[in-house]
Amino acid sequence: MTPSASAAFGLFSSGTKKNEDLKQMLESSKDSAKLDAMKRIVGMIAKGKNASELFPAVVKNVASKNIEIKKLVYVYLMRYAEEQQDLALLSISTFQRALKDPNQLIRASALRVLSSIRVPIIVPIMMLAIKEASSDLSPYVRKNAAHAIQKLYSLDPEQKDMLIEVIEKLLKDRSTLVAGSVVMAFEEVCPDRIDLIHKNYRKLCNLLVDVEEWGQVVIIHMLTRYARTQFVSPWKDDEVVEEYNENNFYQSDEEQKEKVQKVKNTYTMDPDHRLLLRNTKPLLQSRNAAVVMAVAQLYWHLAPKSEAGIVSKSLVRLLRSNREVQYIVLQNIATMSIQRKGMFEPYLKSFYVRSTDPTMIKTLKLDILTNLANEANISTLLREFQTYVKSQDKQFAAATIEAIGRCATNITEVTDTCLNGLVCLLSNRDEIVVAESVVVIKKLLQTQPANHGEIIKHMAKLLDNITVPVARASILWLIGEYCERVPKIAPDVLRKTAKSFTNEDDLVKLQILNLGAKLYLTNSKQTKLLTQYILNLSKYDQSYDIRDRTRFIRQLIVPNEKSGALSKYAKKIFLAQKPAPLLESPFKDRDHFQLGTLSHTLNSRATGYLELSDWPGVAPDPSVRNVDIAEVAKEWTGIRGKPKKEKPTGKFYSESEEEEGESASTSTSESASGSESEKEDKEETSSDESSGSYSSSEESSNSESDSKESTAKKTSRAAAESDSEDIKVKGISKKRSTSSSSDTDSTSSKESSSDSKSESDSKSDFVSGKSKEETTVQDRKAPNKQDVFLLDLDDFCPVTTPMAVPAAALLSPSLTADLEGLSLSSSSVIDVATQVSMPTKTHELLHRMSGKGLAANYHFSRQPGIFGDCMVSVQVTVTNTTDQKIENIHIEEKKLPPGMRMHEFSPIECLEPAGSITVSMGIDFCDSTQTASFQLCTKDDHFNVSIQPPVGELLLPVTMSEKDFKKEQGMLTGMNETSATIAVAPQNSTRLVIIERVVKAANLGVVPSGQDNIHRFAAKTVHSGSLMLVTVELKESSTAQLVINTEKTVIGSILLRELKPVLSQG
């Protein structure tokens, strides 16, 4: 053996020796040596090294008594069982025994190894193992059973029917650990069996927020497909709803009623549809980009167009991720921005290109910027594009020129500007920039050729210097197409190109032929011989395309005996009017693929892609989603109760299972629910329903409300739930019952604006006076025990105008008790309260000296919805301090920031000397404290004035229970929470004073509190409806913790700053 050969052998034998060590350690009688060996082997696998030759030594330890060794052996077997199937089969009896192991991790690992041995002969064993595991007490094992279903299906598709039974069983599982895995199995095995989802739809919606991120993505995609088959389209009537919302304020009541009826008849969202949208919305704040993308596509495909805009902010946030995530997100934004520009216009600057971006990201951002271009922002974008053209990345510079061309075609106002800019680029030193400019100019000139003869001449002069074939071909096509506009230049261009014909690219040669043919037909005197020369040259060209074109043209334009009838129409054929090319986004037709899928990214149908169906014309029966609670309880008692008897007295779970303890204990405790009394069962159901986790009450609220007689305590929930259609309510008209159901399911939707008003009217009764409260309480007690009515709404007379109540009457010590006594439900009810008039601060609008005797003051009246849902009501008091009357007082020249709107007061025709008048106006401040500037005008003068709102006036008070407050507060933590510790003046430490001072400073609603030292207030922002939760917690030594929870962090921090002095000052 040569030295080199022995050295080479030594190199390989070192690895063998290492593995020999491991084999000896695995055969050792000491567990510590075996454990050490297994750790090293698993480490090798993690680094990507091949450890398959150790399989026989490892598989011997599969029956080890040591749990830690056993776990690592199963990790190894999962990796190599498929490669070493014969050896793995020898240990199959060990795996079957391990399926009954007390440790859940061993049971799960055994099932995973068993499903990894892909041999058809063990299919029956796998099937049996999956069935047993699907009934296992541990959710982790059931999760692995769902994973094994997919493996078994790919091994033997004939087992489909039996696997569907297991999937159906696991879909009923209420563990968040199992949900994602079983839905994945459903998508792989039987995605068309929508009927399996009906009964589990509401449960999946409610569990969604607690499922792991991978499962959330799978469930959201499945529910998107499901919703497209079960609900009617929310899009077709968006226009009608918008038109209704912007109606004239001064319409008569009858017209208003007709419009309300029209909108209601047009479209009412299914409560289950609303449930899906409501439960996926919080996931937009997920840290996982895939989850955010999944929710964004769900809103895009399912939400009303007016609500889909909420996803834009979350998608823009994802642009801070790595380039791969950016690429996918930008592709989806590009598709969205074509159809709905308004969604991303506020975030225009987020799509500006950075120098560090890779080319693929730059081109996508450029495409989005072009989609978002309009008359308002085009000047900014063109300045941005000018910088991009100078980029060192030539591919990106060329794409920018194409984008300028698209802007020029889409926005006629800037066509000439763009054209002139592109002509300037023709003198650029860079050939690629010039070539792309020529191609784009050619397309633009086709839209309006009559005005641009000079540009064509300028381009003809450049022909000598441009070498890029596409650019040369474009210039020749232009000259040929408009040869009659440049009669002197065209023949000369033909002469020059005839000289260089043999050295030209095929693309250019074809255009020279076309130019010759067109000039032969229009100017044969000068160009006849030249054209014949070119035809003779091309007759013997190497390219058959050019030879074919030559024969065709010669027969068509040169008349002879053999010429057919077509030669008469040669001029019409060659010089026909060509339609201008459409410069479109490459993403224009991608919307037929579901957003966020591989097919959408590739723009072609990928294997396994499931198409979204069209919306059904008529909604299928919604009752299929109702679940009978008795059946569910019986089934789950059977599943959970059986293993419970066999449970050993010793410690069942290992240390590694402690994290699963909570869900398992929840499941086992539920098995005893059959023995509980009906009353306890009801109470449990109602509390579970509000928390929304691990309970079947969400699925079964319909059957429960049908089977059990409802009481007055559950009234509001029963009337609002989508399922309880059969409940008869005395004194409630059909119109009002439908409105309350839609309102509870969608507090933010536009359909419910009139309904929430009627609810708030009824709620305002108990604040308006003590005598009214007493009457209401008596009326509620009046019916006999035999006739238990849910709620007689006729007792609540609607209050049309807010009543002024003194602060002392409002802040009585019994306020909390009254509020709690009148709350009719334990469920989530958050509604706008009709705020009573508080003495608000008056601000000066115009001083009498500046206004030449005209003085104006304003204050915020805190009356919701006078001029529209988003408007803040402002009352302006105008006073004439002169001795002459002032005529025609009105508003002109509004200078408002973008998005801000103003509803002016009606002009005041005449104001007598020393007279004063108060008028109302509405301003939509867009949830900001920016100033609204305008001119207050009289017949002779104009005065510049402005209104700046305190942050407390940008809110509407809402009513909610303490439980709902804590629930909402729990969802608004982290970055959504602002807090400060303040020193409280001694005289400000009583409950009444705190409430009075806080409500005076900000338009907040008081939330009942069970603790004396904690005071809670709630409101929502007028424009966006975002919740604003304020907590004042009194501490020892005259200090207090002030906490504000809201999505609108800027408003929250300003409000915190304004409330500090309110409580600390004497």
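Strand 11 (residues 955–959) is largely enclosed by the rest of the structure, because five of its five residues are buried. The cover extends to both faces of the strand. Leu955, Pro957 and Thr959 are buried on one side, and Leu956 and Val958 are buried on the other. This is a predicted model.

Strand 11 has a partner in strand 14 (residues 1014–1021). The two pair in the antiparallel sense, over three bridges. Leu956 takes part, with Lys1020 of strand 14 as its bridge partner.

**Nonpolar cores**

The largest nonpolar core holds 198 residues. Within it, Ile41, Tyr76, Leu77, Leu315 and Phe351 touch the most other members. Helix 18 (residues 289–302) gives the most to this core, with 11 residues. A second, separate core has 57 residues, among them Val872, Met902, Leu954 and Ala980.

Which residues does Phe351 touch, not counting those up to four places away in sequence? They are Val316, Leu319, Leu330, Ile333, Phe344, Lys365, Ile368, Leu369 and Leu372.

Leu302 is found in helix 18. Leu302 is buried, and its relative accessible area is 0%. Residues up to four places away in sequence aside, Leu302 touches Leu223, Thr224, Ala227, Arg228, Pro234, Trp235, His273, Leu276, Leu277 and Trp615. Ser233 lies 69 residues from Leu302 along the chain, yet their C-alpha atoms are separated by 7.7 Å.

**Aromatic pairs**

A pair of aromatic rings is described by two values, the distance of the centres and the angle of the planes. The model has 11 aromatic pairs. In one of them, Tyr76 and Tyr80, the planes stand at 45°, so the pair is tilted. Phe385 and Tyr388 form another tilted pair.

| Pair | Centre to centre | Angle between planes |
|---|---|---|
| Tyr76 and Tyr80 | 5.0 Å | 45° |
| Phe385 and Tyr388 | 6.1 Å | 45° |

Each pair sits within one helix. Tyr76 and Tyr80 belong to helix 4 (residues 67–80), where they are four residues apart, about one turn of the helix. Phe385 and Tyr388 belong to helix 22 (residues 378–389); they are separated by about one helical turn because they are three residues apart.

**Charges over rings**

The charged end of Lys442 sits over the ring of Trp477, 5.0 Å from the ring centre. Arg625 lies over the face of Tyr201, and here the distance to the ring centre is 5.7 Å.

**A buried loop residue**

Asn200 is placed in the loop between helix 12 (195–198) and helix 13 (201–207). Asn200 is buried, with a relative accessible area of 5%. That value counts as buried because the cut-off is under 20%. A polar atom of the Asn200 side chain lies 2.9 Å from the backbone oxygen of Leu196. Neighbours within four places in sequence aside, Asn200 is in contact with Leu171 and Lys172.

Notes: Residues numbered from 1 in each chain as written. Predicted model: local features only at pLDDT ≥ 70, side-chain atom pairs only at ≥ 80, totals over all residues. Heavy atoms only, no water. Phe/Tyr/Trp six-rings, centres within 6.5 Å; stacked < 30°, edge-to-face > 60°. Lys NZ or Arg CZ within 6 Å of the ring centre and 35° of its normal. Buried < 20%, exposed > 50% of the residue type's maximum accessible area, 1.4 Å probe, protein only. Pairing = 2+ DSSP bridges. Core = buried A, V, L, I, M, F, W, Y, C linked by side-chain atoms within 4.5 Å. Contact = heavy atoms within 4.5 Å. Polar contact = N/O pair within 3.5 Å; in protein donor to acceptor, adjacent residues only side chain to side chain.
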